[in-house]
Amino acid sequence: MIIIFFSNLLNGVSGFGRSLIAIPLLSFFIPVDEVIKIMILSGCLSALLLYLKTYKDSDIKRILFMSLAGLLGAFTGVSVLKALPVTQLKISLGIIIMIFAVLIATGFSMKIKREKMSYGITGFI
């Protein structure tokens, strides 16, 4: 419980890191397949609590649109992962990361003209 508490605390402060901290530490005491189930449950519960706390400020139409695009992106991503060899995936991911690193370092920004389309692209990715 202490490990899960501190990993959730880290996630609350930084926005990520729950599984990064908890899975390796919990795997010393619990089988990994059980740890993953615990972390999924913990993440879903945390997201539900956050939603219940902030739902009045949420734009449900945007969330639903991004979620539907996310489901489509997830299925597409799984298909790509199954179809491509690991070496090709690593090279492609490395190139994409380098491109975005250069764009971020140079201060690149885009003006969004079609907001709804940008939500769909963001959800899909």
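Visitor: How much space lies in the second largest pocket?
Guide: This is a predicted model, in which local features need pLDDT of at least 70, side-chain atom pairs count only at pLDDT 80 or more, and totals for chains, interfaces and linings use all residues. A pocket is an open set of points on a 1 Å grid over the protein atoms alone, where a 1.4 Å probe fits, with protein on both sides within 12 Å along at least five of seven lines. Taking volume as the space filled by probe spheres set on the points, the second largest pocket holds about 200 Å³.

Visitor: How many residues lining the second largest pocket are charged?
Guide: Residues are numbered from 1 along each chain as its sequence is written, and side-chain values use heavy atoms, leaving out hydrogens and water. The lining (residues with an atom within 4 Å of a point) consists of Phe100, Phe108, Ser109, Met110, Lys111, Ile112 and Lys113. Asp, Glu, Lys and Arg count as charged. Alongside four nonpolar residues and one polar, the charged ones number two.

Visitor: Is leucine 26 buried or exposed?
Guide: Leucine 26 is found in helix 2, and it touches Ile3, Ile4, Val35 and Met39 (heavy atoms within 4.5 Å), not counting residues up to four places away in sequence. Buried means under 20% relative accessible area, exposed over 50%, and partly exposed in between, with a 1.4 Å probe and protein chains only. At 6% relative accessibility, leucine 26 therefore counts as buried.

Visitor: What is the relative accessible area of asparagine 11?
Guide: Asparagine 11 lies in helix 1. Beyond residues up to four places away in sequence, it touches Phe16, Gly17 and Arg18. Asparagine 11 counts as buried because its relative accessible area is 17%.

Visitor: How far apart in space are lysine 53 and valine 13?
Guide: Lysine 53 is found in helix 3 and is exposed, with a relative accessible area of 72%. In sequence, lysine 53 and valine 13 are 40 residues apart. In space, C-alpha to C-alpha, the two are separated by 16 Å.

Visitor: What kind of aromatic pair do phenylalanine 5 and phenylalanine 6 form?
Guide: Rings of Phe, Tyr and Trp (its six-membered ring) pair if their centres lie within 6.5 Å; planes under 30 degrees apart count as stacked, over 60 as edge-to-face and the rest as tilted. The count comes to one aromatic pair. The centres of these two rings are 5.2 Å apart and their planes stand at 75°, so the pair is edge-to-face.

Terms used:
Helix = DSSP H or I, 4+ residues; strand = E, 2+ residues; numbered from the N terminus.
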